[in-house]
Amino acid sequence: MYLIRFIINIKGFSMKHIHILGICGTFMGSLAVLAKQKGYRVTGSDMNVYPPMSTYLEDQGVEIIQGFDESQLDSNPDEIIIGNVMKRGMPIIEKILDEKMNYFSGPSWLYENILKYKKVIALAGTHGKTTTTTMTIKILEQAGLNPSFLVGGISGDFGVSSRYTDSEYFIIEADEYDTAFFDKRSKLIHYDPTVLVINNIEFDHADIFKDIQAIYWQFHQLLRRMPSKSSVVYNAADNNVQNIIDMGCWSQAIETNVDSGVHILKHSPDYSSFTIKNGNDELDINWGFIGEHNAHNALSAYTAAKRIGVDNSDIQKALDSFKGVKRRLEVIYKDENVALYDDFAHHPTSIKLTLEAIRNRKPDAYVVALVDPRSNTMKSGNNKDALPSSLVRADTVLFYNHEMLQWNAKEVLKDMNSVIYLDTASDFEKQIKQILSSQKGNKIEFVMMSNGSFDGLRETLPKILGDLSE
């Protein structure tokens, strides 16, 4: 009898097994690490299992299976988390549905098992989510609040994209992309934030949203769910954000970027220093970053932190020492005359802001924009008409005119004499060598902008530049 009870007790305390389909995506991989840190046994699978995410997960003790063969379910996991890369008709999905297995979307699992028990600070918007989220994490860490977090990028300050702690606070990048094949709501609707930040809104993700009103509607559903005691920090200078607020906001609304709200009072030309004004309160920031967009991201992080009572001194120390995020104006090569930046800019607005930041920082430099249009919105051409004005601050544009484009780039950019159209990654190498030769002795700023990799050029170009400088 005692032996039976002992076996039952051991079984009752056994580690719950979670299996994640689509584990190598940024969100799902970060979720896997959170679950592992919370004490679950975590396994997962994906079609594209490759570093750095695969090695990162393996280092965390997460077993990864290549592909989506149904046999991986033979281990009978307690819970299956289904990523939004999974679709109806896939045999493994049909097996899960037919056998009524216990499945969740990533956002719903995250809420039910972690976020429900935390005070959530969610950072949303078309541009700057990752950077603003990471700044907010750094501020709360500086304040000794030790927050849990999940962010869509690797922080220079923490070296990871997620962390679980016993803090009452959880900071999350609130993505508007859809949740799963069985839940077409935006991920952010699941998060129940105590503080929500909306940085900006533009039309994006053309593969899931038919127009900008569809994006409005998703944010409106979140605002309808938020309690009156929660806070919505929003960019009142952005007409699209204001339209969302006008649809209905029942929480405490805090304006930014207008004189009546929290705003930037003054700044240096490149925004490497600026002053935040919040009523009678002013805070001076001097940091190692540039660009109006980054200063506005900092303004949002500041305002979110003030909603939970963080002191100015902690905010100042955090921002002044902020190390940034990989692929956000990240310097990946630099010598006396040449600098190479890697930036995630994949929308005309973000391309424009990135080039303005470089130009304001180095007004006399020769600026070369490398553009690889890989996002679904860019490939479909939904924002193509805004591209010419977004590229005017570059002296030369090297444009990857690959076969995935569903529009005629040469027609759209026909009035721009600065554009060189390239068909392969090796064509980029040849053009870059020619630019280095023709601009020898001048300061040159190369800026790679894409959510893709230029077919491997991002990894090889730093070495090429280094070899040429010897």
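**Sheet pairing and a buried glutamine**

Colleague: In which sense do strand S19 and strand S23 pair?

Modeller: The model is a predicted one. Strand S19 covers residues 338-343 and strand S23 covers residues 444-449. In S23, Glu 445 is the bridge partner of Ala 339. Over six bridges, the sense of the S19 and S23 pairing is parallel.

Colleague: Which are the edge strands of the open sheet of six strands?

Modeller: The strand order is S18-S19-S23-S20-S21-S22, and the pairing is mixed. From one strand to the next, the twist averages 20 degrees. An edge strand here pairs on one side only, and this holds for strand S18 (330-334) and strand S22 (419-422).

Colleague: What angle does the direction of helix H11 make with that of S23?

Modeller: Helix H11 spans residues 348-361 and packs on the sheet. The strands that H11 touches are S19, S20 (366-371) and S23. The direction of H11 makes with that of S23 an angle of about 160 degrees.

Colleague: And what angle does the direction of helix H15 make with that of S21?

Modeller: Helix H15, residues 425-438, also packs on the sheet, touching S19, S20, S21 (396-400), S22 and S23. Between the directions of H15 and S21 the angle is about 170 degrees.

Colleague: Does Gln 218 count as buried or exposed?

Modeller: Gln 218 lies in helix H7 (residues 212-225). Its contacts beyond four places in sequence include Lys 184, Leu 188 and Phe 209. Because the relative accessibility of Gln 218 is 12% and the cut-off is under 20%, Gln 218 counts as buried.

Methods: Residues are numbered from 1 along each chain as its sequence is written. This is a predicted model: local features need pLDDT of at least 70, side-chain atom pairs count only at pLDDT 80 or more; totals for chains, interfaces and linings use all residues. Side-chain values use heavy atoms; hydrogens and water are left out. Two strands pair if DSSP finds at least two bridges between them. Helices (H or I, at least four residues) and strands (E, at least two) are DSSP runs, numbered from the N terminus. Axes are lines fitted to C-alpha atoms, for helices over the stretch in contact, and angles run from 0 to 180 degrees between N-to-C directions. Contact means heavy atoms within 4.5 Å. Buried means under 20% relative accessible area, exposed over 50%, partly exposed in between (1.4 Å probe, protein chains only).
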